[in-house]
Structures are given as C-alpha cells and as structure tokens.
Amino acid sequence: QVQLVESGGGLVQPGGSLRLSCAASGSISLIYTMGWYRQAPGEQRELVASITRAGATNYADSVKGRFTISRDNAKITVYLQMNSLKPEDTGVYYCNYRATILTYWGQGTQVTVSS
C-alpha cells in the first residue's frame, strides 16, 4: 500500500507560476513512475507529466515548454513546476504513482488560473 501526500495549488493570475509537490510513502517498489494528471470541469482526467525513477520524462503537448516535472528519489517525491500558466490549465491536479501492477492516486489539489 502506498500513500500520496500533495501540497501546493491555489489561485494564480495568467502568466504566473505554481509548484506542486507529492510525497509517496509505504510499500515502494524499486521501479516506479510518478506523475501528475489533471481534470477540468466536464472533462476526463488527462496526463500532464510523468517521470520514471531513472529520470525519463513525458509531457502533454499543451504544457511542453511551460511545465517541468522533477523528482527526489531519496524522498520519493515528485514536483511539478508550472510557469506561464493559462486559464485552460485550471483543474484538479492529481498525483499518480505506478508500479508494475499497482497504481495509486493522491486526493487532488485545485489549481485555478484567473484574472
């Protein structure tokens, strides 16, 4: 069993920045992927960015060049630095942990980009 604790999120103006954090604890596998998904009102949850323990990253086209995902393997923590935020980035952001078979989700944190 894995527990995910998120922090960050909030209200920011267009063009602003936010940094999300997610720390994992419990029965951590040697090989895993962590990442961030988001869900806007009336839409399905979609991948924002992910990173493997080895450091390989993957980004949604809509956030490339603006968002950066990173991780601290010692703390089993993943970060999402979000710059040049746009109103369409608004949504609930969920931390994700995926091992070979098991997948876990954080509780979600609200990000609102508005003037």
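## A buried cysteine pair

C22 is buried, with a relative accessible area of 0%. C95 is also counted as buried, at 0% relative accessibility. Buried means under 20% relative accessible area, exposed means over 50%, and partly exposed lies in between (1.4 Å probe, protein chains only).

This is a predicted model, where local features need pLDDT of at least 70, side-chain atom pairs count only at pLDDT 80 or more, and totals for chains, interfaces and linings use all residues. Residues are numbered from 1 along each chain as its sequence is written, and side-chain values use heavy atoms, with hydrogens and water left out.

## The disulfide

What do C22 and C95 form? They form a disulfide, and their sulfur atoms are 2.0 Å apart. The rule asks for a pair of cysteine sulfur atoms within 2.5 Å. By this rule the count is one disulfide. A disulfide is a covalent bond between the sulfur atoms of two cysteines.

The torsion about the S-S bond of C22 and C95 is about -85 degrees, so this disulfide is left-handed. C22 sits in strand β3 (residues 18-26) and C95 in strand β9 (residues 91-98), so the bond ties together parts that are 73 residues apart in sequence. Strands (E, at least two residues) and helices (H or I, at least four) are DSSP runs, numbered from the N terminus.

Strand β11 covers residues 109-113. Its covered face holds T109, V111 and V113. Its uncovered face holds Q110 and T112.

Which way do the partners of β11 run? Strand β2 (residues 10-12) pairs with β11 in the parallel sense, over three bridges. Here V12 stands opposite V113. Strand β9 runs antiparallel to β11, and three bridges join the two. Here G91 stands opposite V111. Two strands pair if DSSP finds at least two bridges between them.

## Two positive phi angles

Most residues other than glycine have a negative phi. I76 is not a glycine, yet its phi is positive, at about 50 degrees. I76 lies in the loop between β7 (67-72) and β8 (77-82). Is I76 buried or exposed? I76 counts as buried, at 17% relative accessibility.

S84 also has a positive phi, near 50 degrees, and is a residue other than glycine. Its place is the loop between β8 and β9. S84 is partly exposed, with a relative accessible area of 40%.
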